[in-house]
Every structure is written in C-alpha cells, then in structure tokens.
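Hello,

Here is the structure for you to look over. My notes follow below it.

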Amino acid sequence: MTDKTVSLPEERRHGSFIKNNLRNYGMLMSLLAIMLFFQVMTGGTLLQPLNLTNLVLQNSYIVIMALGMLLVIVTGHIDLSVGSVAGFVGAVAALLMVTYKVDYTLAFIICLAVGAAIGAAQGYWVAYFKIPSFIVTLAGMLVFKGLALAVLQGQSLGPFPSTFQKLSSGFIPELLPEAGTLHPTSMLIGAVLALGLVYASAKSRTREVSHGIEVEPYAFFLGKSIVLACAVLYFTYLIATYRGLPNVLVIMSALIALYGFVTRRTVIGRQIYAVGGNAKAAGLSGIKTERLTFFTFVNMGALAALAGLVFAARLNTATPKAGLGFELDVIAACFIGGASAYGGVGRVGGAVVGAMIMGVMNNGMSILGIGIDYQQVIKGLVLLGAVCIDVYNQRR
Amino acid sequence: MTAMLEMRNVSKSFSGVQALRDVNFSVEAGQIHALVGENGAGKSTLMKVLSGVYPAGSYEGTIVFEGEERRFRDINDSEALGIIIIHQELALIPLMSIAENIFLSHPPSKFGVIDRDEVYKRTRELLAQVGLKESPDTLITDLGVGKQQLVEIAKALSKRVRMLILDEPTASLNEADSAALLERLMKFREQGIGSILISHKLNEVAKVADHITVLRDGRTVDGIDCRAEPIQEDRIIRSMVNRDLAHRFPERSAKIGEPVLEVSNWSVYHPIHPDRQVIKNVKFGVKRGEVVGIAGLMGAGRTEFAMSLFGRSWGTNISGRIALEGHEIALTSVAAAIDAGLAYVTEDRKQLGLILADDVRKNITLASLKQVAPGRVIDDIAELKVASDYRNRMRIRCSDVYQETSQLSGGNQQKVVLSKWLMTDPKVLILDEPTRGIDVGAKYEIYCIINELAEAGRGVVVISSEMPELLGICDRICVMNDGAFVGEFPGAEATQEKIMRAIMRNERSNGNGAVEAAEMGGSQP
C-alpha cells in the first residue's frame with residue numbers, strides 16, 4: 001500500500017484526495033455558506049456575541065438529542081417520542097423540584113433515570129419483540145405527551161430553583177481578572193482547546209506516517225489545522241466578549257467529544273454500525289444485536305431527559321407544550337448530517353453540523369423577519385435538498 | 001443457418017476502463033449458446049448491451065437481431081422484440097402469488113379490470129410448459145429457489161420470447177433442480193427459441209450447449225462449436241483463465257489427527273413449525289486436519305444442521321451433545337460458539353456474511369474486534385495491519401482495505417469472509433457453499449485455502465451442492481437426507497453415483513415424493 005502511495009504523482013494524489021473528502025466536508029461547507037449568507041443578509045447580527053450565545057442556548061437540546069438519535073438511526077431505527085419524552089421529563093423535574101422541593105441534584109439524577117427507563121421500555125419492544133420502532137415510538141409519543149399533560153394538570157409549573165436554572169442560563173465562573181468585556185477564562189479554554197486539537201491531530205498523523213499509512217498531503221493537513229484552530233479561537237473570542245462560555249455549551253461539547261469517540265473508536269460503536277449495516281451478518285459474527293439496539297434506545301431516553309431538563313431550565317418553567325415537535329428537528333438534523341435512513345451510515349460530526357444548520361436557519365430567518373409559515377417551508381426544502389445531494393453523491 | 005442475433009465489434013468502456021473490446025457474438029435460432037468467463041470478464045456487460053440496459057450510443061458496434069440493425073433505448077425495446085433476460089438475483093415479489101407475479105406488468109384485463117379466469121388459465125398453461133406442479137395461488141415465498149427460477153422462466157414465456165438470456169440460472173440450485181432446468185432449455189431449443197446461458201458450471205455447459213463462447217478481459221478468446229468437436233473442459237478453463245490448470249483441485253496429503261468436533265444425538269426442530277423435526281438425532285464428527293464434506297439435496301437440512309451447531313442460530317428445541325477437543329460444551333449463543341473455536345461461513349455471503357456498505361478492514365475484524373481493541377477501544381493501526389496482512393495472505397484483490405466490500409467480485413468477497421473467520425482462530429470451520437457464484441480461478445484459490453486450513457490442524461466441514469467439488473477436496477463425505485446422515489464414504493472411494501444412490505435409497509424408504517427429482521440428478525455422469 002505504501003508503495004502505491006509513493007508511486008502516485010503528487011497532483012493526482014491531491015485531486016483524488018479532494019474528491020474523496022468532499023463528501024465528508026460537504027455539509028460543513030454548506031453550514032459555513034449558510035452562516036455567511038445570513039451574516040451578510042442580517043448585516044452582521046448573526047455573529048454578534050449576544051446572538052451567537054443565544055444560538056448555542058437555543059439549539060443545545062436539539063444537538064444533545066441528535067447525538068442519541070444518530071445512534072438510533074444508525075442501527076436502522078427511529079425514535080419519534082423524543083420530543084414528548086423531553087417534555088414529560090421537564091414536567092417530572094418541575095413536579096419534583098417545585099412541588100415536592102426535592103434537592104436539584106437528586107431530582108436531576110431521578111429525571112435522567114426516568115428517561116433511561118422510558119428508553120428501556122420502548123427499546124424492549126423494538127429489540128426483543130421486533131415491533132417496528134416507528135410504531136413503538138409513535139405510541140410513546142402519544143403516551144408521554146399525555147402523561148406530561150397529566151403531571152402538570154394542564155398548567156405551567158415553575159419557577160425552578162436558581163441553581164438548576166444555571167444549567168441553561170449560567171456561564172462558567174470567571175477565575176481571572178476581567179479585561180474589558182472579554183472573559184479571559186473562556187478565552188483561555190478556547191485557546192487550550194484549539195492547541196489541543198491541533199496537537200492531537202498532528203500526533204495521530206505522525207503515528208500513521210511512522211506506520212507507513214497513507215495520510216492526507218501535508219499541505220492539506222496544515223491548512224486544515226490552521227482553519228480549525230482559527231475557527232475555534234474566533235468562536236470562543238466572540239462568545240468570550242459577551243458573558244463567557246455557557247455551561248450548557250461545555251456539557252454539549254463534552255457529549256459531542258464522547259459520542260464522537262464512542263462511535264469512531266470503540267468496539268461498541270463499531271458493533272452498532274455493523275448492526276445497522278447488516279443485522280443478520282452482525283448476529284452471525286457473534287454480536288448481540290438485540291442488546292445493542294436496546295442499549296441505543298436506553299441511551300436515547302437518557303439524552304432526551306437531559307434535553308428536557310436543559311429546555312425546562314432555559315424556560316424556567318415546565319409547560320405542557322414543551323418538547324412539541326422537537327423530534328422533527330432532531331431527526332432532520334441527523335439526515336441533513338448524512339445519516340442513512342437504511343441504517344449503518346452516519347457520523348456524530350454530521351449530526352451536529354446538521355443540527356447547527358437547522359439552528360442557524362431558524363435564527364437567521366427570525367432575525368430577517370421571515371414568518372414562521374415560510375420558515376417551515378424553507379426548512380423542509382433544505383432537508384429534502386440535503387438528502388438528495390447525499391443520495392446523488394453516493395450514486396456517483 | 002443464419003444467425004438470429006449478431007453483435008458486431010461491440011466495445012464499451014466505463015470511465016476509462018475498457019469492459020468490452022471488439023466483441024463479436026452471434027446466436028442462431030434454436031441454439032443454446034453458452035457464454036463463459038471469469039467474473040469481470042464482461043459477460044454481464046455484454047448482456048446489458050444486448051438487452052438495452054446500456055442504451056444505444058453508450059457503446060460502439062452494432063446489434064443485428066432478426067435481420068435488422070437494432071438500437072435499443074431501454075430494456076422495454078428489447079423485450080418488445082422478445083429478448084428476455086433472467087437475472088441471477090430473482091426479481092419476484094415474495095408475498096404475491098405465482099399468477100400475480102407472472103402477469104405483474106401486463107395482466108390480461110377488460111376495461112382495466114384484471115380478468116382473473118384468464119390469468120389462472122394462462123398461468124396453468126405456462127406452469128405446465130415449464131414443468132412446475134404448483135397451484136397458481138401459491139405464494140412465491142413458499143417456493144424453493146429452484147421453483148422460483150421456473151416461475152421466472154414462466155414469466156418470460158408469458159411474453160413473446162425469441163431469445164432467453166439466463167444469467168447463472170443454476171448458481172443456487174441443487175443438482176436435481178439444475179438438471180430439470182437444463183431439460184427445459186433443451187425443450188425451448190426444439191421450439192426455435194435461442195438461449196444464452198451464462199454459467200460457471202462447465203459440466204452443465206458441456207451437457208446442453210451447442211456453442212460456447214469464452215470471454216476474457218472483455219474480448220472473445222475462444223469459440224467452440226460443440227456439435228462439430230468434443231468439449232474439452234480443460235481447454236475451456238485454459239481459455240478462461242489463460243493458465244494451464246492441470247488439476248481443478250489442488251493436491252492434498254491429509255494428516256488427520258485426533259477428533260476435534262464430536263456431535264451426538266443432535267436434534268433440531270423448525271422455528272416456525274415447532275412439531276417438525278428438521279435434524280433427527282444425528283451423529284457427526286471432524287478430526288484435526290480433516291476436510292469433511294456434507295452432500296445432499298436442497299432442503300436436506302445441511303445448512304440448518306450447521307447453523308444449529310453454531311450457537312443455535314437456527315431452530316428451536318435443540319438438544320444433543322457437542323464436544324470440542326473431547327470436552328463437552330454448551331454453545332448457547334453465537335458469541336459462545338466463536339469463543340469456543342467454531343466458525344461458520346454462510347452460504348449467502350451478501351445477506352448473511354458481509355456488511356456490504358462497510359470496507360474490507362471492518363468486515364475482517366468484525367468477529368474478533370477484541371484482538372485489536374485493548375480496553376474496548378479500537379487501535380486503528382493494529383486493525384489496519386491485521387486487515388492488510390489478511391489481504392496479502394488471502395490475495396484479496398481490492399484497491400486497499402478501505403474499499404467497500406460491495407465493490408468486490410464474488411471470489412474476493414468470499415475471501416474477505418474467510419479472513420474474518422480465520423482471524424477468530426477457529427478449531428473447526430464450517431463452510432457452507434464456499435464457492436457458490438465464484439469463477440474458476442477464485443474457486444481454485446478457495447480450495448487451496450481450505451487445504452492450508454486443514455494442514456494447520458483445523459477441522460474443516462464443507463457443505464456443497466456441487467458434487468465434483470466435494471469429491472475433489474474432501475477426505476470424507478457424509479451424505480445427508482431429510483435431516484439425517486444416510487451414507488458416509490472416504491473421499492477416495494466416493495463417486496457421484498454412490499452419493500446419489502444413498503440419497504435415493506433413503507428417499508424410497510421414506511416414501512418421499514422427491515424420489516423423482518433425486519433420480520434426475522442421479523442419472524448424471
């Protein structure tokens with residue numbers, strides 16, 4: 001293999017490299033293009049520190065759920081109940097913290113457990129009874145929407161204890177002396193993160209080179225690293241000039257990193273993809289397909305619960321309407337991000353980019369004053385378009 | 001006789017890769033014309049040009065059919081002239097009846113309402129014509145593959161057929177069904193229908209073909225008029241692979257050791273009909289270094305037996321004893337079977353063996369990820385090395401180990417599956433139809449791999465419907481029929497006749513209706 005790499009002329013290598021990677025970076029490019037478009041159209045409002053912070057806060061729960069949904073979709077299933085589950089868990093949280101004055105940490109843990117239990121209940125029917133997930137979770141959607149109403153008795157319930165609100169509306173504490181509007185701690189974290197990312201990818205590249213593995217051309221690697229580091233730095237700079245890093249962004253980033261690692265590098269991640277790619281072949285290779293499917297639903301339930309908590313904390317109240325239609329945004333995010341409806345294909349990074357595309361469009365169109373009616377039309381067309389492009393690329 | 005079809009100087013290339021170069025190919029009315037060649041030789045491409053899948057203009061050269069030059073825009077154009085292609089993968093709708101499938105695209109109707117009486121009448125006629133004794137109401141899913149093939153042919157006959165193209169029609173059929181199908185072809189010959197038969201099975205080709213064309217690397221390299229000269233299989237093989245195959249099977253000197261797998265009193269019931277005993281208290285064993293063949297007709301229970309051993313992946317109410325290297329073990333899951341040292345290579349590599357959308361590397365390591373994942377985290381470099389290692393050892397032809405397995409040829413896909421199981425370091429390998437749909441060159445390589453496995457002291461079980469293959473590679477052949485072993489022969493003494501006789505004796509004593517079918521297969525030399 002190394003021989004072949006060496007023998008290829010440099011130019012052709014670059015050409016084929018761009019072609020192979022266009023698909024991976026295609027969605028990211030689209031996101032950048034959409035951001036640029038709205039940045040220009042809104043006269044710079046989109047990337048104002050305040051708006052950017054809001055953008056993160058508004059979309060955090062979608063991103064969190066998209067991580068779980070990606071795994072569900074990769075195994076070849078779907079979960080329509082996530083919006084209702086998030087709403088229901090928000091209601092349970094309010095009941096515990098507001099009505100029964102349960103300590104917020106305990107309530108938080110109970111709520112996550114409730115979400116996981118709901119996921120387990122649905123996953124059980126899907127994995128072991130082979131009932132199509134579409135039907136099981138459609139039932140779940142109705143059940144938990146109804147239960148949320150029942151728990152709240154049709155009323156809104158709030159406000160939450162102030163510490164719990166910090167989950168969504170808080171920012172990381174400032175440890176260093178402030179310099180004007182800039183929050184140095186956040187900036188420092190951003191800088192460390194940027195350096196860390198570049199260091200990690202350089203290390204992995206060196207390791208691959210030392211084993212004689214074909215790697216991306218050096219120019220690309222350098223360019224990619226610089227762009228990545230600059231993007232991270234610029235983004236944190238913008239955020240840091242408002243109120244610093246939101247707590248929920250920290251949680252979200254940690255989850256994205258965790259799920260990215262699990263899907264790409266661990267045995268369980270690989271097995272989940274195998275189940276989605278060909279469940280029978282996976283089963284005959286010794287993979288416990290039912291257990292994995294069950295697990296993805298438990299995971300989805302827990303993440304839906306977390307999203308429900310974040311959303312409730314953000315509104316500072318639990319309402320019977322919370323979570324309404326979230327499932328559509330979450331599923332759309334995964335498919336825009338390149339997941340296959342047939343299972344086996346999809347990346348965490350793609351789902352996150354997909355969620356951000358939806359978020360930026362929501363935000364940008366709202367700033368432009370486009371009505372909710374046409375916003376929906378445009379989002380629908382973008383979803384269809386993104387999937388069409390993906391299918392077209394695969395055929396080529 | 002003038003040619004019914006003539007393809008002149010046909011060339012076709014795909015983004016720079018020349019798939020066909022100046023191919024000349026002609027078929028006469030009432031001729032069975034066999035088209036042979038290794039996978040990738042251009043057979044399917046040529047047929048796609050002929051049937052209009054690749055429209056006129058996308059290739060060079062001319063097609064003359066029944067005296068006129070034709071330029072087909074799509075498959076409907078060629079069908080309208082009576083050129084019907086039957087693909088290797090059957091295109092029937094499983095949950096519809098035979099009659100509904102046959103008249104799917106053009107049901108006889110009055111004012112848009114389907115005339116059911118007419119449908120049934122014509123279906124019965126067509127079924128009689130292809131020799132299939134089934135009710136038109138029977139659902140496709142309730143038929144075996146052999147019968148489904150006949151339904152496909154009946155479907156073709158429901159249209160005006162002048163030329164029938166069969167792509168590997170017997171690849172998934174047992175000897176008896178294959179023989180029946182070939183008889184049918186010979187009947188069509190009498191009716192003046194031209195047939196093009198694409199097949200890897202040279203004994204069948206030799207039996208029915210009037211003319212053989214050999215394709216290699218997109219060129220016609222040999223044409224044999226079977227009525228004028230005797231057929232020499234060696235010559236065909238030589239033209240196909242351009243190399244002298246003195247023997248179709250590699251030499252082997254068996255060093256047989258201690259028993260490694262012993263199964264006794266093994267009994268399995270059908271998962272959907274739990275009162276039907278599919279495997280009937282059988283006893284079976286393999287020794288270290290031994291290659292044991294399991295022969296039998298389709299539906300004899302061979303695959304079911306193998307899968308029930310492999311972590312109970314088929315059947316219910318399984319009972320009996322399994323001992324590996326003398327220790328009795330309970331294999332309650334596939335994972336347990338793999339850990340114990342059992343490997344099973346499925347007969348259907350696309351549906352059950354591979355994850356086609358995944359690359360070579362991921363497929364190879366799938367069953368033994370633990371080896372490259374200390375602490376459950378995959379070491380991608382170790383994985384890459386293992387995969388590349390197998391790629392070299394098994395000579396898997398792929399651009400690199402990141403190539404999707406769906407893009408590989410059948411033989412290379414099978415090598416990927418074999419690599420996957422070798423990586424689990426099994427004590428016993430069960431190979432179910434290991435060379436189905438694979439070209440001659442790759443078959444030989446698979447046989448060599450089987451030999452190497454046995455030499456390394458593993459026990460190898462080969463289930464195959466191709467008897468010459470079993471006779472060529474096995475040290476011992478067990479004959480299964482109706483869920484029980486009905487005969488056993490040392491490899492040197494076994495012949496096709498002996499095997500068929502064992503099956504037939506058993507069928508008669510069971511009073512089973514399949515005797516007729518069995519005899520048809522047995523009458524073959």
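**The sheet in chain B**

In this predicted model, four strands of chain B make an open sheet, ordered β14-β13-β16-β17, with antiparallel pairing. From one strand to the next, the twist averages 10 degrees.

Helix α9 (residues 302-309) of chain B packs on this sheet. The helix touches β13, β14 and β16 of chain B, and its direction makes about 70 degrees with that of β14(B).

Now the pairings. Strand β13 (residues 259-269) of chain B runs antiparallel to strand β16 (residues 316-324) of chain B, and six bridges join the two. B:Ser267 stands opposite B:Ser319 in β16(B). B:Glu262 stands opposite B:Ala323, also in β16(B).

β16(B) pairs in turn with β17(B), antiparallel, over three bridges. There, B:Leu324 has B:His327 of β17(B) as its bridge partner. The hairpin of β16(B) and β17(B) has two residues between the strands. In that hairpin, B:Glu325 takes a positive phi near 50 degrees.

**The core**

The largest nonpolar core counts 262 residues. Those with the most contacts inside this core are A:Met65, A:Ala66, A:Met69, A:Leu70, A:Val89, A:Leu309 and A:Cys334. Helix α13 (residues 289-315) of chain A gives the core its largest share, 17 residues.

Take A:Leu70 as one to inspect. Leaving out residues up to four places away in sequence, A:Leu70 touches A:Cys334, A:Ala339, A:Gly346, A:Val348 and A:Ala351. A:Cys334 is also among the core residues with the most contacts.

**Where the chains meet**

On the chain B side, 27 residues are in contact with 21 residues of chain A. Three helices of chain B each supply at least two residues of that side: α10 (334-340), α11 (349-353) and α13 (380-393). What is the make-up of the side of chain B that touches chain A? It divides into 17 nonpolar, five polar and five charged residues.

**Confidence**

Chain A has a mean pLDDT of 89, with 93% of its residues at 70 or more. The start of the chain is another matter. Over residues 1-9 of chain A, pLDDT stays under 50. For that stretch the model has six contacts beyond four places in sequence. Where pLDDT is low, predicted coordinates should not be read in detail.

Best wishes

Conventions
Residues numbered from 1 in each chain as written. Chains lettered and ligands numbered in written order. Predicted model: local features only at pLDDT ≥ 70, side-chain atom pairs only at ≥ 80, totals over all residues. pLDDT = per-residue confidence, 0-100. Contact = placed C-beta atoms within 7 Å. Core = buried A, V, L, I, M, F, W, Y, C linked by C-beta atoms within 7 Å. Buried ≥ 20, exposed ≤ 12 C-beta atoms within 10 Å, placed from the backbone. Pairing = 2+ DSSP bridges. Axes fitted to C-alpha atoms, helices over the stretch in contact; angles between N-to-C directions. Nonpolar A, V, L, I, M, F, W, Y, C, P; charged D, E, K, R; others polar.
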